[in-house]
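Notebook open. Today I'm looking at how the two parts of one chain sit against each other.

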Amino acid sequence: MRFEHETLAQRVCFAPGEAAVAVRAEAKRLGGSRVMVIAATAEADLAEKVTAELPVVLRHEEVVMHVPVASAERARTAAAAHDVDLLVSIGGGSTTGLAKAVALTSGLPIVAVPTTYAGSEATSVWGLTEEARKTTGVDARVLPRAIVYDATLTLSLPVPMSVASGLNALAHCVDSLWAPRTDPVDQTLAGEGIRALATGLPAVASAPAGLEGREQVLYGAYLSALAFSSAGSGLHHKICHVLGGAYDLPHAQTHAVVLPYVLAFNAPAAPDAERRIAHSLGAPSALEGLQRLRHAVDAPKALRDHGFQEADIDDAVQAILEVVPASNPRPVTPNALRQLLRAAWQGADPLTLSGEES
Ligand code: NAD
């Protein structure tokens with residue numbers, strides 16, 4: 001057994017119902033005396049409760065999905081103008097992403113308080129979008145110094161968004177089993193992440209006001225991000241990255257739709273990953289387990305329901321082919337990718353992709 005695994009330096013607090021106390025402690029630990037709170041207008045009330053006792057000098061509410069460069073620049077300028085020494089982000093992946101964009105150029109520390117299951121808070125990956133092209137990079141400066149997970153903050157996340165976001169986390173786990181830098185630690189984290197997400201998501205869907213399911217999903221989302229951060233982007237993330245950036249598709253829903261198609265395509269060539277996913281889902285096969293879960297939570301089904309046009313499939317195929325990881329367990333031909341995207345666009349049965357390639 002020979003591998004290298006980088007463990008990221010970050011404090012992680014799970015504090016159900018106590019985000020305000022935990023954030024105050026983390027801000028104090030980091031010496032924050034001029035805090036910039038980043039939270040979208042929709043999450044402003046939530047953010048106000050969590051940060052009421054902090055030395056806040058600026059509340060920034062302009063949060064846009066996929067972090068357009070222009071909006072990142074406005075946030076950076078505002079942070080500099082207010083002489084900020086700590087960023088506190090409260091919201092989903094878009095909000096965390098904006099805080100990361102500020103940290104990327106300023107080096108300011110971040111305390112991240114996630115309110116979705118996107119997992120960005122546990123990675124050192126940043127992303128910016130300019131002219132329909134999404135650029136990502138890895139930089140230690142953007143890794144939040146501390147995360148405060150408080151499941152009560154996700155109670156207001158509507159069930160369809162909770163489901164899509166939880167499946168986004170599941171996709172981190174599944175993709176990390178065959179991503180370029182996958183190692184036994186990532187695979188263990190991914191297996192436990194899948195188990196936690198598959199336990200929590202049906203509970204969230206059937207009883208959204210209950211805390212137990214939300215706690216499991218948040219825990220699974222954290223593990224999923226650790227696995228993804230270490231293993232890197234596999235075929236699934238490369239596909240979703242292109243679709244999100246070029247066609248402005250909603251991030252979580254795109255991941256939720258595409259996952260079964262990539263799993264159906266790769267699983268026959270990745271028997272160890274297949275077994276691990278099946279085991280974590282308590283199902284005879286990985287795809288059957290995933291589809292059962294998706295059915296139980298009424299998962300998003302087709303890319304055409306989320307803004308992707310059939311006419312864009314060929315261009316998307318070309319863009320994705322340029323970034324397919326060489327280590328993908330199964331060769332990805334233009335024809336195979338076209339079939340995959342067409343099936344995902346339509347919401348067809350993913351089993352049609354699992355046979356040997358045509
Ligand atoms: P999002 O942050 O855009 O949030 C989706 C919607 O949910 C928004 O309307 C938001 O206002 C709302 N919302 C958030 N929390 C809520 C709550 N508790 N109650 C009610 N509404 C709430 O979506 P997302 O899926 O969390 O994040 C997507 C973004 O994150 C993408 O830009 C993606 O690229 C990025 N991302 C980055 C990484 C990384 O490692 N860098 C990882 C995952 C996702």
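My entries on the domain interface follow.

Ground rules first: this is a predicted model, where local features need pLDDT of at least 70, side-chain atom pairs count only at pLDDT 80 or more, and totals for chains, interfaces and linings use all residues. Residues are numbered from 1 along each chain as its sequence is written, and side-chain values use heavy atoms, with hydrogens and water left out.

Next I checked contacts (heavy atoms within 4.5 Å). I get 22 residues of domain 1 touching 26 residues of domain 2.

Then buried area, meaning the accessible area (1.4 Å probe) that two parts lose on being put together, summed over both. The two domains bury about 2,000 Å² between them, and 68% of that is on carbon and sulfur atoms. On the domain 1 side, His66, Tyr117 and Lys134 supply 32% of the area buried against domain 2, more than any other three residues.

How many salt bridges cross the interface of domain 1 and domain 2? I found zero, using a side-chain nitrogen of Lys or Arg within 4 Å of a carboxyl oxygen of Asp or Glu.

Last, I sorted the residues of domain 1 that touch domain 2. Strands here are DSSP E runs of at least two residues, numbered from the N terminus. Strand 1 (11-14), strand 7 (133-138) and strand 8 (146-149) each give two or more residues to that side, and strand 7 has the largest share with three.

How values were computed. Helix = DSSP H or I, 4+ residues; strand = E, 2+ residues; numbered from the N terminus.
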